[in-house]
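Subject: Structure handover

Hello,

Here is the structure you asked for. Please open it first, then read the notes below it.

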Amino acid sequence: MLGLNRRDTWFLLIVVALTLLTPFLLQPFAEDSALAQFNAGYPDLMQRIAIYGIFAMGFNILFGLTGYLSFGHAAFLGVGSYSAVWMFKLLSMNVLPALILAVAIAGLMALLIGVISLRRSGIYFAILTLAFAQMAYNLAYSVLTPLTNGETGLQITLSDPRILDAAATDSLPVPSLFGLEMNDAAQVEVLGRVFTFSVGYYFCAVIAILAFYVSMRIFRSPFGLMLRAVKTNQTRMSYTGLNARPYTLAAFVISGMYAGLAGGLLAAMDPLAGPERMQWTASGEVVLMTILGGAGTLLGPVLGAGVIKYFENIFSKINENVLHEWFGALPGWLETPIVGLIDPFVGEGWHLTLGALFMLVMIFLPGGLMEGGRRIAAAWRRRRARRQDGGSGSTAPAE
Amino acid sequence: MSILEIRNVSKRFSGLKALDDVNISVAQGSVHAIIGPNGAGKSTLLNCLVGKLVPDSGAVTFKEQSLLGVKAYRINQMGVARVFQTPEIFFDLTVLENVLIPLFAKRDGSFRMHAYETVENEAQIVEEAETLLRDVNMADKRHMHSASLSRGDKRRLELAMCLSQRPELLLLDEPTAGMARADTNNTIELLRQIRDRRKNITMVIIEHDMHVVFSLADRITVMAQGTALVEDVPDKIKGHPKVQEAYLGGH
């Protein structure tokens, strides 16, 4: 189905099911329970997980397949956001033209940067992309203020022309898909629990599924095989009649377009684009997401994006008062040191938790969380095989 | 008829004369061995043939087309394949995928972005790859990770990858280096089979092991100190005084 074999079709269907059921899956605890703090089924976070999942998926096409580590992909994310907001300002609040422009402009920019940066590989390539991204950040921050509105960021106003949205309104319009507004949401009660289903999340989810499908087709194609060859042995590649440069450039442009799409979606969910989206920390974040989840795997980067965004939103909200509530039942002499021990790792210190998790994963699971999953699956298969051997051994006839 | 011509090739590395006016002519369909002690200039010469080095002077032509200044991937597309001293394969990929890559390269040229196709649906190419793996006795290892292969198997795989492109000239840089005697004999046998099956293929072998050279070569060029000392058929090379001198220091 859809050009995929049976196994991949099942894999895709599972991903689709998980994506569509996310509002349930990320809201496992009752609102009045002590663990409700860990619920993440609210639209803003789910949208971010889907959007950054797309960003990481695209980055993985470059880094995971070819091994070229870009430290400047946030530039494409930012350009995607600016392009989308400009489309909202000039043409229409419909998200489709905004996303098309975001992808196209990010693709063009990736082509330009890729042609220059891919003349080098390894650390030189990484530094070149970082330099380009910092240039883009500074252009957005100060030099191109008429286009980007500088530090304040680009946003929509009532006086924007929006030539296709004829009717003037008193309030700021909201990005929509043919009238379906992105911030619309429905709250549904299921088994006494309230779940939120938002248009914005489901729009992002559908785009993320399409992006995942495209990524899957690239991974399984002869083109994907060539990209893996680039990563493995460029010497053999050139003595096989293949020029690595067009392959790496194509991968760079595709991953730039994914980043542009993610940037466009960020603007579609909240029509604002600022230079901070292009900062080097944002470029570093997508590297962390991809490596944490498992570079070179299909699902790993999405998983990495989910974990990081979850930590960012959930752990950062836990403060000392919440910790005292959790450990209030303990005697005072025990409660205070425990809270004191955990406190630096939550709230504003959530980066410490992320750093510790990243170190543990890199030390024990260099292939990321996906490698952890594979090891667990292999251990489970071995255990099952041993059990079956033991079972058959006990009933085997004596020789 | 000559397929590869090396004419008056010289190459210096900051004062050191690595190649000095080398002339070699390789006949189409022959197995031509280039031998010589360490530092004779064999590897430098090979690198001049595949675009890795450009000679200071002289000419290298393949089927009357100059190879000088041509990029390695273009030389390969012209019909020249190379087997390295240390097998150069795609270590992160399976054995089958290793052979699929040159087959796709042969079909598609240096670049084609066919992201809408799937590898496993390319039945004809997959079948061709499996046939090649059978030819080198590696069909049963096609789903193995190539990094886990023995050195002999890596060499077989590299040969299968080169043969998949149906090269007219196969350059072999010490194809049995580091191999045990059994693996060496297997490789000789495999190269003989290739020569017998593909009548048009020309092989240039750079080799230290005289057992390999005299088992395979139709003609031998002996190099020493960057020059081609003598070129002849194996029987005449064996007792040639210049060869004795180059290898044994005249004793």
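Which element gives the most residues to the lining of the largest pocket? The answer is α9(A), with four residues.

Before the details, a word on conventions. This is a predicted model, in which local features need pLDDT of at least 70 and side-chain atom pairs count only at pLDDT 80 or more, while totals for chains, interfaces and linings use all residues. Residues are numbered from 1 along each chain as its sequence is written, chains are lettered from A and ligands numbered from 1 in the order in which they are written, and side-chain values use heavy atoms, with hydrogens and water left out.

Pockets

A pocket is found on a 1 Å grid over the protein atoms alone, as an open set of points with protein on both sides within 12 Å along at least five of seven lines; a cavity is a set of points where a 1.4 Å probe fits but cannot get out, and lining residues have an atom within 4 Å of a point. Grid points are joined across faces, edges and corners, and a volume is the space filled by probe spheres set on the points.

The largest pocket has a volume of about 1,500 Å³. Its lining comprises 41 residues, and those nearest the centre are A:Phe219, A:Arg220, A:Arg228, A:Gly296 and B:Glu97. Two or more lining residues come from each of α1 (6-20), α3 (43-66), α8 (199-220), α9 (222-232) and α17 (369-395) of chain A, and from α3 of chain B. Helices (H or I, at least four residues) and strands (E, at least two) are DSSP runs numbered from the N terminus. The lining divides into 17 nonpolar, 14 polar and ten charged residues. Here Ala, Val, Leu, Ile, Met, Phe, Trp, Tyr, Cys and Pro count as nonpolar, Asp, Glu, Lys and Arg as charged, and the others, Gly among them, as polar.

The second largest pocket, of about 620 Å³, is lined by 24 residues. A:Leu18, A:Thr19, A:Thr22, A:Ile49 and A:Val302 lie nearest its centre. By class, this lining has 20 nonpolar, four polar and no charged residues.

Where the chains meet

In chain B, 37 residues are in contact (heavy atoms within 4.5 Å) with 27 residues of chain A. The two chains bury about 2,800 Å² between them, 65% of it on carbon and sulfur atoms; buried area is the accessible area (1.4 Å probe) that two parts lose on being put together, summed over both. On the chain B side, B:Tyr73, B:Phe90 and B:Phe111 lose the most area to chain A, together 19% of what that side buries.

How many salt bridges are there between chain B and chain A? The count is two, a salt bridge being a side-chain nitrogen of Lys or Arg within 4 Å of a carboxyl oxygen of Asp or Glu. One joins B:Glu158 and A:Arg236, at 2.7 Å from N to O.

Over all chains the count comes to 28 salt bridges. Among them is the pair A:Glu312 and A:Lys309, with the closest N and O atoms 3.1 Å apart. Both residues lie in α13 of chain A, three residues apart, about one turn of the helix.

Regards
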